[in-house]
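Welcome! Take a look at it first, then work along step by step.

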Amino acid sequence: WLHLNNPALSQMGLAALCNITIKREYKEVLRISEDELEIVLQVMLAHRNIRVVQSNAIQALKNFTFSQSNLEVLGKDEHLVDTVLAARSVHRQGFQGRDEELLMSLPPWQRKTTSGICSNRTGHLDDSSLGKSRSNFSLPSSAAAARSRPGAVAVPSSEESSVKKGNNTSLQLSYNSELGSAYSHSGDESRPGAVMGNPSLLQDKILHFGGSRDVADRIMQFIAVEADPRNGADGSKYSVEVAVGMLRSMCGAYHTKMELLGGDGTGDMCQAKKVVKTIVAQMTLYPNNDRIVEDSCAILRESAEFDLLRRTVCRCGGLDQLADVAGSQNGLLASAALRALSAVVSGATSSDLLSSRACEAVVGAMELHPDDVAVQVWGANATWLMSAIDDVLKESFVGLGGADLIARAMDRFVACETMQEKGIGAVWSLAVPVGTKRRVGSAAVGSVINGLAAFPSSCQVVANGLGCLKCFSIDSGTGWFDEAIELVYSCLWLHLNNPSLSQVGLAALCNITIKLESNEV
């Protein structure tokens with residue numbers, strides 16, 4: 001609050017808040033008061049054009065939603081949803097789905113104020129809905145305005161659960177069961193819908209059975225035996241949709257995810273590894289079912305939070321499945337696969353990635369969906385993370401034309417800050433070996449300069465951009481542009497008080513002041 005107008009301190013303070021809100025060892029979530037919530041929202045309003053500040057704030061608020069008491073506080077705030085939607089409208093794809101997860105975690109009466117916008121699981125805004133939403137609210141411009149709250153919102157009575165209590169180990173998940181209808185979505189009435197991603201609501205229903213671990217055990221048994229088409233199960237595809245959808249929803253709430261994937265507190269990860277292997281098996285059995293594949297990608301992405309499970313995904317065929325999905329004609333599935341691939345690659349070796357043809361999958365997805373910003377962003381991110389593992393992967397990406405594709409994506413989506421951040425990072429990583437520097441530089445140095453010029457106030461874009469230009473400037477043959485020197489000076493001035501950016505900017509300047517080949521200064 002004291003440094004409300006300082007973007008650097010606001011960014012660091014929110015980052016600290018993200019890390020201290022959840023005590024993983026004790027599975028506890030800190031409480032937030034109404035005054036503390038106001039401070040977070042005021043910071044978002046003060047720096048609405050700075051993506052990193054917005055992203056950190058949304059992550060901190062999402063962490064708070066894992067506590068029921070915090071949800072009640074968030075539900076009373078009349079500006080919360082509008083502030084998040086405003087951030088999403090400005091930065092679009094910049095929050096990696098955390099904004100949608102935050103909105104979906106809010107109590108039902110609060111979620112209704114979003115006019116259905118947050119019901120879209122893909123995180124993409126519908127322009128017509130956005131227009132309606134933005135016309136119905138005005139954001140507060142001062143702390144006094146933010147403190148003018150109405151009285152507490154009356155909480156409507158909870159909907160009567162259509163899921164009945166019974167024996168904890170006898171959960172019925174057949175495709176025409178009560179669970180199927182309880183979680184059905186609007187659309188095709190001829191079959192049950194998959195579980196919608198509402199962690200707070202689903203969590204209550206799951207715990208109705210006496211514990212998410214027991215429910216998970218029953219789901220796994222159901223998928224393995226009763227829903228297996230090889231056993232002649234009737235309607236198995238729809239049953240698996242419901243079951244996998246429920247597992248995905250369990251991953252959306254912190255303590256149910258920890259019970260499902262985090263082990264039992266003694267280091268025993270047997271059930272978690274079983275979940276991962278089962279999900280990979282379902283992707284193999286139902287490669288043409290979009291909902292099963294999408295939910296499976298999300299579960300594998302969530303499992304990547306744990307080192308052991310990242311390795312499990314890579315060893316049980318998960319890389320092969322994600323690489324196959326990345327080649328889908330469906331852009332939503334391709335982006336989901338690339339996002340999951342980005343999360344799990346740190347558990348893979350270069351030989352794992354080469355044998356699964358992951359490089360070809362990423363490049364192929366970006367080439368197949370040139371106008372899909374989500375595919376391009378996550379493709380660049382996957383390239384960045386994978387190429388950092390081994391130089392042989394960098395050679396593979398460059399040989400496949402990955403640098404050219406990333407450069408074209410940066411030029412096409414020059415107004416997307418996340419695209420520039422991920423794209424410049426990927427280009428920088430690909431250019432580090434001497435063998436690829438010249439090829440990458442000739443393809444992408446102009447795009448790096450344009451991206452840096454588009455977002456000179458973004459700390460992450462500037463850090464990546466200056467580091468990338470420093471790398472290119474060592475080799476004058478990469479086509480260093482004179483206007484880039486002025487851009488370096490501009491970034492140094494804009495970030496005068498940032499020591500790390502000053503350091504990398506001056507390092508770039510050191511490399512470009514003298515052209516050794518032509519003896520020019």
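A residue counts as buried when its relative accessible area is under 20%, and as exposed when that area is over 50%. Keep in mind that this is a predicted model.

**Exercise 1.** Decide whether leucine 452 is buried or exposed, and find its surroundings.

*Solution.* 
- Step 1: Locate the residue. Leucine 452 sits in helix H26.
- Step 2: Apply the cut-off. The relative accessibility of leucine 452 is 0%, so this residue is buried.
- Step 3: List the contacts, leaving out residues up to four places away in sequence. Leucine 452 touches Ile424, Val461, Val462, Gly465, Leu466, Leu469, Leu487 and Cys491.
- Step 4: Leucine 452 and glycine 465 are 13 residues apart along the chain, and 5.8 Å separates their C-alpha atoms.

**Exercise 2.** Describe how helix H25 and helix H26 cross.

*Solution.* 
- Step 1: Two packed helices are described by the distance between their axes and the angle between them.
- Step 2: Helix H25 covers residues 417–431 and helix H26 residues 434–454; their axes come within 9 Å and cross at roughly 155 degrees.
- Step 3: Angles over 145 degrees count as roughly antiparallel. H25 and H26 are therefore roughly antiparallel to each other.
- Step 4: The handedness of this crossing is left-handed.
- Step 5: H25 contributes Gln420, Ile424, Val427, Leu430 and Ala431 to the contact, while H26 contributes Thr436, Lys437, Val440, Ala444, Ser447, Val448, Gly451 and Leu452.
- Step 6: Sorted by class, the contact of H25 with H26 has eight nonpolar, four polar and one charged residues.

**Exercise 3.** Now do this for helix H5 and helix H6.

*Solution.* 
- Step 1: The axes of H5 (residues 80–91) and H6 (residues 98–105) come within 11 Å, crossing at roughly 160 degrees.
- Step 2: H5 and H6 are therefore roughly antiparallel to each other.
- Step 3: H5 passes H6 in a left-handed crossing.
- Step 4: Val81, Val84, Leu85 and Arg88 of H5 meet Asp99, Glu100, Leu102 and Leu103 of H6.
- Step 5: This contact of H5 with H6 has five nonpolar, three charged and no polar residues.

**Exercise 4.** Sum up the chain as a whole: how many helices and strands does the chain have?

*Solution.* 
- Step 1: The chain has 29 helices and two strands.
- Step 2: Of the 521 residues in the chain, 54% are buried.
- Step 3: The accessible surface of the chain is about 22800 Å², with 50% belonging to carbon and sulfur atoms.

How values were computed
Residues are numbered from 1 along each chain as its sequence is written. This is a predicted model: local features need pLDDT of at least 70, side-chain atom pairs count only at pLDDT 80 or more; totals for chains, interfaces and linings use all residues. Side-chain values use heavy atoms; hydrogens and water are left out. Axes are lines fitted to C-alpha atoms, for helices over the stretch in contact, and angles run from 0 to 180 degrees between N-to-C directions. Helices (H or I, at least four residues) and strands (E, at least two) are DSSP runs, numbered from the N terminus. Angles under 35 degrees count as roughly parallel, over 145 as roughly antiparallel, 65 to 115 as roughly perpendicular and the rest as oblique. A crossing is left-handed if the near helix is turned anticlockwise from the far one by less than a right angle, and right-handed if clockwise. Contact means heavy atoms within 4.5 Å. Ala, Val, Leu, Ile, Met, Phe, Trp, Tyr, Cys and Pro count as nonpolar, Asp, Glu, Lys and Arg as charged, and the others, Gly among them, as polar. Buried means under 20% relative accessible area, exposed over 50%, partly exposed in between (1.4 Å probe, protein chains only). Accessible areas come from the Shrake-Rupley method with a 1.4 Å probe; for residues, only the protein chains shown count as cover.
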